[in-house]
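Hi,

Here is the structure I promised to pass on. Please have a look, and then read my notes below it.

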Amino acid sequence: MPSVQRVTSRNARFQQWEALLGNRKKRNQLREFLVQGVRPISLAVEYGWRVRALLYDDSRKLSGWAREVLGTVEGERVALAPELMAELGEKSGGAPEVVAVVEVPADDLERIEAGPEFLGVLFDRPTSPGNIGSIIRSADAFGAHGMIVSGHAADVYDPKSVRATTGSLFSLPTVRVPSPAEVMAWVERRRAAGLPLVLVATDEKGDADVYDFDFTQPVLLLVGNETSGLAGAWRELCDVTVSIPMAGAASSLNAANAATAVLYEASRQRADARRAD
């Protein structure tokens with residue numbers, strides 16, 4: 001096991017890690033973020049994300065999982081005072097066993113592999129990090145191949161987003177882009193290579209009900225901002241809009257629920273098509 005450094009006060013290094021919890025500028029500058037919890041840390045390791053440091057309290061009896069992580073995962077080892085671990089863990093019930101400092105990967109759309117069965121999600125200007133995390137989790141659960149967060153938006157690597165993914169962030173390539181231009185250049189490259197990629201937006205007054213649209217073809221699902229919906233540029237770029245039939249007094253679903261409903265329908269159609277083959 002690598003040598004262990006000890007931090008017992010709120011020194012400069014601790015303040016740097018603490019800043020990763022709430023300071024987006026610092027996360028972008030350092031290109032790192034904090035990961036808490038057994039499943040998220042385990043999946044980060046399993047999917048090959050670079051762990052820069054593992055923070056833990058060496059005064060407590062650690063579980064077998066924590067000992068294995070500390071004994072096998074590359075990265076700096078830092079023993080923190082219990083009260084400092086509690087601050088980084090943001091838990092009122094006590095400090096976590098381990099907090100991982102993980103490197104932010106490049107925001108490169110080529111990380112998303114688009115094959116013949118491609119299913120992806122684009123979230124336009126989300127304001128809630130929790131909604132980002134929820135959609136990443138649903139996209140992973142229903143077989144999507146990638147997620148794109150477009151425009152001025154909440155941060156994928158905000159702790160609320162990371163926690164909401166319950167680890168799916170590490171298995172589903174997720175890329176931040178500043179505008180539609182970068183995405184459309186990527187889409188056109190895929191189309192030029194022979195992939196008939198269709199851009200599908202959700203809308204209360206869609207061209208078709210969600211279950212009447214063919215989701216077995218390569219699809220990029222466009223999900224709008226929680227309050228204002230899709231930007232005008234995306235509305236012009238989409239190929240088709242689909243609506244989710246609803247009963248009761250509700251006129252619409254929130255962004256995360258709408259995305260989940262459409263992703264489930266896409267997964268159902270694709271599963272039926274495989275069984276038919």
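This is a predicted model: local features need pLDDT of at least 70, side-chain atom pairs count only at pLDDT 80 or more; totals for chains, interfaces and linings use all residues.

Residues are numbered from 1 along each chain as its sequence is written, and side-chain values use heavy atoms, with hydrogens and water left out.

The sheet is open and has seven strands with parallel pairing, in the order β8-β7-β6-β11-β9-β12-β10. Strands here are DSSP runs of E with at least two residues, and helices are runs of H or I with at least four, numbered from the N terminus; two strands pair if DSSP finds at least two bridges between them. At the edges sit β8 (174-177) and β10 (208-209), each pairing on one side only. Five parallel bridges join β6 (residues 119-124) to β11 (residues 219-223), and F123 has V223 in β11 as its bridge partner.

Helix α6 (residues 129-141) lies across β6, β7 (146-150), β8 and β11, at about 170 degrees to β6. Helix α10 (residues 255-276) lies across β6, β9 (198-202) and β11, at about 160 degrees to β11. The angles run from 0 to 180 degrees between N-to-C directions, with axes fitted to C-alpha atoms, for helices over the stretch in contact.

Finally, V240 belongs to β12 (residues 240-243). Why does V240 count as buried? Because its relative accessibility is 13%, and buried means under 20% relative accessible area (1.4 Å probe, protein chains only). Not counting residues up to four places away in sequence, V240 touches V198, L199, V200, A201, D207 and F213, where contact means heavy atoms within 4.5 Å.

Best wishes

Methods
Buried means under 20% relative accessible area, exposed over 50%, partly exposed in between (1.4 Å probe, protein chains only).
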